[in-house]
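Dear colleague,

I am passing on the structure below, together with some notes on what was found in it.

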Amino acid sequence: MIKVTKDVIDTCAKSLMFRLSPGQDDLIYEEFNTVLAQIDFLKSIKGVDEADPMTFPYSEHQKILREDKPSKPIDVAVALKNSNTKLGNNVKLPKVVGNANDEVDE
Amino acid sequence: MTKWMNKSIAELHAALVKKEVTSLELVEDAISGVQGDTCNSFEALCFEEARKEAGKITEVKEEEYLKGIPYVAKDNFSTAGIETTASSKILEGYVPFFDATVVSKLRRAGMILIGKSTMDELAMGGTGTTGHKGNTLNPYNPERIIGGSSCGSAAAVSQGIVPMALGSDTGDSVRKPASNAGLVGFKATWGRISRYGLFPFAPSLDAVGYFTRNVLDSAYVLSAIAGHDKNDMSSSSRKNEKYQNYVLQKKTLKKVGYFKAVMDSISNPRIKKAYLEVLDGLKKKGYEVLSYDYPVELLDALYPTYMIISCAESTSNNANLDGIKFGPAAKNSPRTWQEYMTEARTAGFTDLIKRRFVIGSFSLLSENQEEMFCRAQKARRLIVNELNKFFDQIDYLIVPAAYSIPKKISELSTKWSTKPDFLDNILTIGNFGGNPSLTLPLLFEEGMPIGLNITGRPFEDGYVFSLASAVEEITGLKGLVKEEK
């Protein structure tokens, strides 16, 4: 398992695409001491590592072939209604192609 | 003017059938209640739409139990044309273009939505104090928490503003506030009610729930909203039932059980006395009451197992909150889409949510997944296996829903609990197993209500109502409303 450091915490935050407020990394670091102690406790429970991981309470999956009926997709205007940055029928973003550090064409 | 909204659904239905009141009058009474709300219970309101819908109702038939009756939905249910924020800045301004299935079903049943209720941000909290509109207060004592995450829905029903409000329950988010507010709070069997249109928190645990002020009303509501939904692949296609018949016809099972470790750990003598009185009362009604030796180490595992699984699942589920398709625009002129998302998510989530996401993300890293997330899933398996052994022998698990009165808001901490008490986390067991589970009032302590919780086998929701109805007869606590004097 990766050792918890403030750099690791910062990397997680970056990959989650947000910045932490000042002091929050300290608080998370402190919380990790508790989390990892509790993971050790789970590890100590007899039979835990032989158990099958439980993803859902039970399977209620059904095998149903849906009718092959065409359905109407949502209207473009409806799809765009909640976006703050639009251009024509598209969501407008600052730059989507190339590297993040490339010069931006305005 | 007659106050209607402090009555039960059954009473309101009877009055509508007899034309003693109109749906529009009920809606006006509910609006008046919203305007007098002292607990910060509401997000968006939809009074004009409600008046319009109510005005169309000229007749209510005997079998139309919910028709014409106002209700409130927690702000994590999608509602077409009504802002839906999950009490988070990241969703401010978001107006869904579709209704959650449960909202559609209630509309088809004739219930009238008057507004959305406050909640802990993105349902990730149990205090009612982390939403973007500030603290939601407990009508019994504003210094103490009402609990969460379905805080506004609990406060609205407890104040007699509406007789029913939708919530969602991932750990105990309906059943704990119900305990703190003197209500019936029900979480259906996982998959019994469609979750389409409910913002996911931790889908392996999430269930639709709701508040009422008595057990029979709760059963009527489930009859209207249960059932398969082609839009929710986790919803069950098992046959829907008339759940109210379990109460009206007293269709019940007979073996009630408690965990010995829980009984031995209750330190408040009045709570223990009230709990024992209920168990005695059930014996007198012909139930067999049995003790079960559920392993303490698995009870101690409830909190870390819940926290790891819920943080990991929520980290993944909230990745779509990017500020692009919906939500507030990023500020500071971002130059790339990465900067855009980072700006939106930095401003949109509070520190608490970010901390939970970081821990969830860390537990999902490929190097850590086996040690953290998978181990929590394995612990869940052991917890549920043992619960299933209990249910092989016993029909119902009955425990107090709380072991002290709610904490003061001023005493809260948002930090990860270093010494979790299994009594505080006992209700999560019903989410791990997907069981139906219901809280109802047990006693008053220092002027604050404290609830009792009943859990049954998956898909035996009806039997949970029937036992709860028997408990209601024993305690005599039903129809509680805390109105402003």
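This is a predicted model: local features need pLDDT of at least 70, side-chain atom pairs count only at pLDDT 80 or more; totals for chains, interfaces and linings use all residues.

Strand 7 (residues 255–259) and strand 8 of chain B run parallel and are joined by five bridges; within this pair, B:Phe259 has B:Tyr292 of strand 8 as its bridge partner. Strands here, like helices, are DSSP runs numbered from the N terminus (E, at least two residues, for strands; H or I, at least four, for helices), and two strands are taken to pair if DSSP finds at least two bridges between them.

Residues are numbered from 1 along each chain as its sequence is written, and chains are lettered from A and ligands numbered from 1 in the order in which they are written.

The pair belongs to an open, mixed sheet of eleven strands in chain B, with the order 1-3-2-4-6-5-10-11-9-7-8, and its edges are strand 1 (42–45) and strand 8 (288–292), each of which pairs on one side only. From one strand to the next the twist averages 30°, where axes are lines fitted to C-alpha atoms (for helices, over the stretch in contact) and angles run from 0 to 180 degrees between N-to-C directions.

Two helices of chain B can be described against this sheet. Helix 10 (residues 269–284) of chain B packs on it, touching strands 7, 8, 9, 10 and 11, and its direction makes about 125° with that of strand 10; helix 18 (residues 461–475) of chain B lies across strands 9, 10 and 11, running at about 10° to strand 10. Contact means that the C-beta atoms of two residues, placed from the backbone, lie within 7 Å.

Turning to the interface between the chains, 57 residues of chain B are in contact with 51 residues of chain A. On the chain B side, helices 12 (302–317), 13 (337–348), 14 (351–364) and 15 (370–393) are the elements that give two or more residues, and helix 15 of chain B gives the most, with twelve.

As for confidence, chain A averages a pLDDT of 88, and 92% of its residues score at least 70.

With best wishes

Methods
pLDDT is the predictor's confidence in each residue, from 0 to 100.
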